[in-house]
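Colleague: Could you take me through one part of this model close up, in plain words? I'd like to hear about the aromatic rings and what surrounds them.

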Amino acid sequence: MSTVYKTSSPECIFTFNGDRTILKKIHIPNNQVCTNRGIKVGDPLQKVTEAYGPNYIYSGKGRQLKDFEAIYSADKKRSIILQIRDSKVNQIVLVEEMWPEKNKP
């Protein structure tokens, strides 16, 4: 079972593994914190694609470009998910091991 901590200033939600030893996910729902490429909540999608490029994984309904999730993942270990609402960043989620490798026999 995961352990979740919430800070108030800046507001962030941290999810750790069951042993509380590994940070697995960070939710950033406000514009007080930015990514290392300068993206924060409220930034337009155009700024995201200028910072991270146009090659994201699209997660949404149809090809709706106002409300969807843009997933950037350089490898299967770390990903950044940008929740886009009304063509702006609504929330940023940093994820460790979004696609964990399956154990091989």
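Modeller: Tyr 56 is buried, and so is Phe 68; buried means under 20% relative accessible area, with over 50% being exposed and anything in between partly exposed (1.4 Å probe, protein chains only). Bear in mind that this is a predicted model, where local features need pLDDT of at least 70, side-chain atom pairs count only at pLDDT 80 or more, and totals for chains, interfaces and linings use all residues. Residues are numbered from 1 along each chain as its sequence is written, and side-chain values use heavy atoms, with hydrogens and water left out.

Searching the whole structure turns up five aromatic pairs; rings of Phe, Tyr and Trp (its six-membered ring) pair if their centres lie within 6.5 Å, and planes under 30 degrees apart count as stacked, over 60 as edge-to-face and the rest as tilted. Tyr 56 and Phe 68 make a stacked pair, 5.7 Å centre to centre with 25° between the planes. Tyr 56 sits in the loop between helix 1 and strand 4 (57-59) while Phe 68 is in strand 5, so the pair ties together parts twelve residues apart in sequence. Helices (H or I, at least four residues) and strands (E, at least two) are DSSP runs, numbered from the N terminus. Ring pairs also link Tyr 52, Tyr 56, Tyr 58, Phe 68 and Tyr 72 into a cluster.

Now for the core: among the 18 residues of the largest nonpolar core, Val 48, Tyr 56, Phe 68, Tyr 72, Leu 82 and Val 89 touch the most other members. Such a core is a set of buried Ala, Val, Leu, Ile, Met, Phe, Trp, Tyr and Cys residues joined through side-chain atoms within 4.5 Å.
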